[in-house]
Amino acid sequence: MTTKEKFRNTFSYLHASSEIHEEVRQMTSQEQDMKLRKYRKRGSRIAAAVLVATLMIGMGVFAAGHYFGILDFAGRAGRSIPESAAEQIVINPDMDQNQNNAIVDLQVREALCDSESIALVCELSAREKGKYLLVPEDALPEDNMSNWTALSDQKAGEYAEEHKLTMINTGCIISNMEKLGIFEQSMDFRSVSDDVMDIFITCGVQTDVKNKKVEITATARQAGTEDVMILSASMVLQDVGTTKTIHYEAEAGPQKANSGEGLFFKIQRADVIQTDLGTYVDIYFTDENVTLGGEDNDLEFRIVDSSGKAVDSFGGSGVKADGDGYRTRIMLNKINPGEELNIEAYSIDSGSRYGLFKFKKAEN
C-alpha cells in the first residue's frame with residue numbers, strides 16, 4: 001500500500017474538526033506534489049514519506065515519570081551525538097497544540113536541530129490509565145511486543161487480552177515536510193509503560209531558515225478500526241552550532257564507473273556539510289534510466305574510508321531533482337573526510353558494486 005493510499009484509508013473516517021480535516025487534506029496534497037518531484041528508488045524509499053524503523057532490540061523499563069531521550073534512541077541506532085551538540089538538546093520545548101478529544105496526550109519531550117537535520121522525541125500517553133495498550137502505528141495483534149518493549153515478549157493481542165487492555169496504534173510525524181525540505185522521516189518506538197509510548201523522529205532538512213517552525217501530527221487508532229484521533233502541535237526550533245561546507249570535485253570532471261560501457265549514471269561532484277551535530281554529504285549526479293515520475297531503479301551511494309570499509313550512515317534526506325540531474329544526501333556521524341572523499345555506488349537489489357569514485361577537496 002502506498003503512503004497516499006494509507007493516508008486516504010486512515011483519514012477517510014476521521015471524526016475531527018473541519019480545521020483538522022483541512023490539515024490532513026493539505027498533508028495529502030503536499031505528499032502528492034512531492035511524489036512528482038522526487039526521484040524514487042525501489043526497495044529503499046517510500047515516496048515523500050515516513051520510513052518506519054522499529055528496531056527489534058529489547059530495552060529496560062523506565063520508572064513512572066521518566067522517558068527515553070534522544071541519546072537513548074540514537075545510541076541503539078548506532079548514532080553518535082557529540083557532547084557539544086548533546087548540550088543543546090531542548091527539554092520539553094514550548095509548544096502550541098490542539099489536543100482535541102483524543103484518548104491520549106501529546107508531549108514533545110526533547111528536540112535537537114541543526115542546519116541540516118531535526119531529531120525529536122514525542123510522547124503519547126493515555127489520559128485514562130490502566131485501560132489501553134499503546135503500540136506502534138503499523139503493529140498488528142500477532143506482532144511480538146519485544147519489537148518495541150521489554151515489558152513482555154508476548155504477542156501484542158494476547159497481552160492486551162490477558163490484561164484487559166484496548167490496543168491502540170500510535171504514530172507521529174512532522175507534517176510540514178515540504179516547507180522544511182524534508183523528503184523522508186524515520187521513526188522508532190519504545191514503550192515507557194503499557195499506556196505511554198515514546199516515538200523518535202529523525203530526518204534531514206534542506207532549508208535556509210535559521211529558526212524552523214516544526215508542525216507535528218500525532219495519531220491514535222483503536223486496532224482493527226478505521227477511526228483515527230488526531231493531535232497537532234507546533235514549535236520553533238533554532239539551529240545549534242556552526243555550519244561549514246566543503247566542496248569536492250573530480251580531477252577530470254564528472255566521474256563514470258569504468259567497469260563497463262553503457263552504465264547509466266555519472267557522479268558530478270559532492271559537498272560535505274559539517275555541523276556540531278554531524279557530517280552530511282550531498283552527492284550530485286545524473287541518471288539516464290530515470291525521469292521524475294518514471295520507473296524506479298536500484299542505484300544507491302555510500303561513503304567508504306581509505307580501506308574500502310563503508311562509513312555507517314544513520315539516514316538521508318531522500319533524492320530530489322537538481323538542475324539537469326539529482327541530489328541525494330547521506331547523513332553520517334561526525335567525521336573528518338580529509339583531502340579525499342570516496343563514494344561507492346552499488347545496487348540495492350543485488351548488492352553488487354557499480355564503482356568506486358574518488359573526489360578531491362576543491363581549492364578555495
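**Overall fold and cysteine geometry**

Of the contacts in the chain between residues at least 6 apart in sequence, 66% join residues at least 24 apart. The model is predicted. The chain holds six helices and 19 strands. Its length is 364 residues, and 52% of these count as buried. The accessible surface of the chain is about 16700 Å². Carbon and sulfur atoms account for 45% of that surface.

Confidence was examined next. The average pLDDT of the chain is 78. A score of at least 70 is reached by 76% of the residues. Residues 1–64 have pLDDT below 50. Beyond near neighbours in sequence, this stretch still makes 148 contacts in the model. Residues 257–261 also have pLDDT below 50. For residues 257–261, six contacts are found beyond near neighbours in sequence. Where pLDDT is low, predicted coordinates should not be read in detail.

A disulfide requires two cysteine sulfur atoms within 2.5 Å. By this rule, the count of disulfides is zero. For Cys 122, the closest cysteine sulfur is that of Cys 172. The two sulfur atoms are 3.7 Å apart, so the distance is too far for a bond. Cys 122 is buried, with a relative accessible area of 0%. For Cys 203, the closest cysteine sulfur lies in Cys 113. That separation is 9.0 Å, and therefore too far for a bond. Cys 203 is buried as well, at a relative accessible area of 2%.

Definitions and conventions: Residues numbered from 1 in each chain as written. Predicted model: local features only at pLDDT ≥ 70, side-chain atom pairs only at ≥ 80, totals over all residues. Heavy atoms only, no water. Buried < 20%, exposed > 50% of the residue type's maximum accessible area, 1.4 Å probe, protein only. pLDDT = per-residue confidence, 0-100. Contact = heavy atoms within 4.5 Å. Helix = DSSP H or I, 4+ residues; strand = E, 2+ residues; numbered from the N terminus. Areas by Shrake-Rupley, 256 points an atom, 1.4 Å probe, with all protein chains shown as cover.
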